[in-house]
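Subject: Model handover and notes

Dear colleague,

Please find the model below, with my notes after it.

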Amino acid sequence: MTAKQDTIIGNARVVLADRVIEQGWVAIADGKIAGYGEGKVPGASEDAGGDLIMPGLIELHTDHLEMHYVPRPKVFWDPVAAVISYDGQLATSGITTVLDSLRVWREDGAEDVDGRAGVLSAAISTAREENLLRADHFLHLRCEIPMPTVVAEAKELVGRPDVRLMSLMDHTPGQRQFRDEVKLRDYYRGKGGGMTDDELDVLFARRFDYQKQYAATNMREIVALAHEHKIPLASHDDTTEENVVDAVRDRVAVAEFPTTIEAARGLHAAGIDILMGAPNVVRGGSHSGNIAAVDLAREGLLDILSSDYIPSSLLMAALQLPRQVPAIDLASAIRTVTKTPAEAVGLADRGEIAAGRRADLIRVHVARDLPVVRSVWREGRRVA
């Protein structure tokens, strides 16, 4: 190695993109991976105690920030403090790069966090500028296509350099994730404070009207906006052959949470990366009653995992995959939360242990089949 060695981590199981070095070491210099190897460490090193050393996790879709900002109905926390708390939870879950998923729409009478994307994106910027963050934060704009103001609100944010993904969503009752309208009613009844059936009748009627009035035009404008700014697009909850055709037409890069095996097969055949929820893997199925992530994995249809609503699930699910799907080895499982999501959004400088890549690394101890993140490095600097 010719690079100056700032840190060497030895006595580790090193997870590379294509294999695992059972007794290895990793060297860090100037914030990048300087080298790695097997066996004897070339110099003084930090002892990993036989733990896993792997790339820091890459998270493309988590709306968990909203839970820190609105921890109870009608309770709004200081947005910068919420970002810092959320960021700490991500880091200790092993996530070193995150696309913060923000709701780009307003809807009266639904959820308190609707219409707060501007507030939260500004808070993320403030925390970043003040050097308060452990993870590297980007933005994922979640666009609810039928909403009347979604295009205008997306235009307010799309010019930011940290926007890395835009998703096309439609939660109109009776389709996609909530084909069973009863499950959508259960979802809103279960939210803090709950909603009555009369309130849900009004909400659903309004959503049907919005879809009829605005969805087609808004879809065209959001897709054009993403392509104009060279931002990758994600589809959401693809269910039917028609949904797949639309995703291909719109040049979607990532399909988030397809709900049926038929849709997943069509998306895979079109070369679109399929993202599923890590909680789905950990729980053994979808909370909405749709296709199980493990079933897709068994058919070779799972490319990326996302923690969605619980950050710690990302590492748990990746480590459980080889046990649940024997055809998937550890290196392949870890790619679903590192290299593949990084490539999907154009972050080619991270996501694997390779010379010259960012030294975003985590040390993971596993006990009782549960992972514990013991150390986190971001660009070679220990942040947790």
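How many bridges join strand β1 (residues 7-15) to β2, and do they run parallel or antiparallel? The two strands run antiparallel and are joined by 6 bridges. Before the rest, two notes on the source. This is a predicted model, in which local features need pLDDT of at least 70 and side-chain atom pairs count only at pLDDT 80 or more, while totals for chains, interfaces and linings use all residues. Residues are numbered from 1 along each chain as its sequence is written, and side-chain values use heavy atoms, with hydrogens and water left out.

Strands here are DSSP runs of E with at least two residues, helices are runs of H or I with at least four residues, and both are numbered from the N terminus. Two strands count as paired if DSSP finds at least two bridges between them.

The strands around β1

The link from β1 to β2 is a hairpin through 4 residues. Within this pair, I9 stands opposite V26 in β2. I9 also has a bridge partner in β4, namely E46. Strand β4 (residues 46-47) pairs with β1 in the parallel sense over 2 bridges. Strand β5 (residues 52-55) likewise pairs with β1 in the parallel sense, over 2 bridges, and there R13 stands opposite L52.

On from β2, the pairing with β3 is antiparallel over 6 bridges. A29 has K32 in β3 as its bridge partner. The hairpin of β2 and β3 has 2 residues between the strands, and D30 takes a positive phi near 55 degrees in it. D30 is not a glycine; its place is in the loop between β2 (20-29) and β3 (32-38). D30 is exposed, with a relative accessible area of 58% (buried is under 20% relative accessible area, exposed over 50%, partly exposed in between, with a 1.4 Å probe and protein chains only).

A34, in strand β3, counts as buried at 18% relative accessibility. Its C-alpha atom is separated by 8.4 Å from that of R357, 323 residues apart along the chain.

The open sheet

A sheet of 8 strands is open and has the order β6-β7-β8-β9-β10-β11-β12-β13, with parallel pairing. Its edge strands are β6 (57-62) and β13 (304-306), each of which pairs on one side only. From one strand to the next the twist averages 25 degrees (axes are lines fitted to C-alpha atoms, for helices over the stretch in contact, and angles run from 0 to 180 degrees between N-to-C directions). In a regular strand the side chains alternate between the two faces of the sheet.

Inside this sheet, strand β8 (residues 136-144) and strand β9 (residues 163-169) are paired in the parallel sense over 6 bridges. C143 stands opposite L168 in β9. Strand β12 (residues 273-277) holds L275, which counts as buried at 1% relative accessibility. The C-alpha atoms of L275 and V337 are separated by 10 Å, with the two residues 62 apart along the chain.

From β13 into α11

D308 is found in the loop between β13 and α11. This residue has a positive phi of about 55 degrees although it is not a glycine. Is D308 buried or exposed? D308 is buried, with a relative accessible area of 14%.

Helix α11 (residues 313-324) has 12 residues and reaches 15 Å from its first C-alpha to its last, close to the 16 Å expected at 1.5 Å a residue (the expected span is 1.5 Å times one less than the number of residues). Among its buried residues are S313, L314, L315 and L321.

Cavities

The count comes to 2 cavities of 30 Å³ or more. A cavity is a set of points, on a 1 Å grid over the protein atoms alone, where a 1.4 Å probe fits but cannot get out; lining residues have an atom within 4 Å of a point. Points are joined across faces, edges and corners, and a volume is the space filled by probe spheres set on them.

The second largest cavity holds about 40 Å³ of space. Its lining includes V15, L16, A17, P55, R335 and E352. Helix α12 (residues 330-335) gives the largest share of that lining, 3 residues. The lining divides into 6 nonpolar, 2 polar and 3 charged residues (Ala, Val, Leu, Ile, Met, Phe, Trp, Tyr, Cys and Pro count as nonpolar, Asp, Glu, Lys and Arg as charged, and the others, Gly among them, as polar).

Regards

Technical notes: On a 1 Å grid over the protein atoms alone, a cavity is a set of points where a 1.4 Å probe fits but cannot get out, and a pocket is an open set with protein on both sides within 12 Å along at least five of seven lines; lining residues have an atom within 4 Å of a point.
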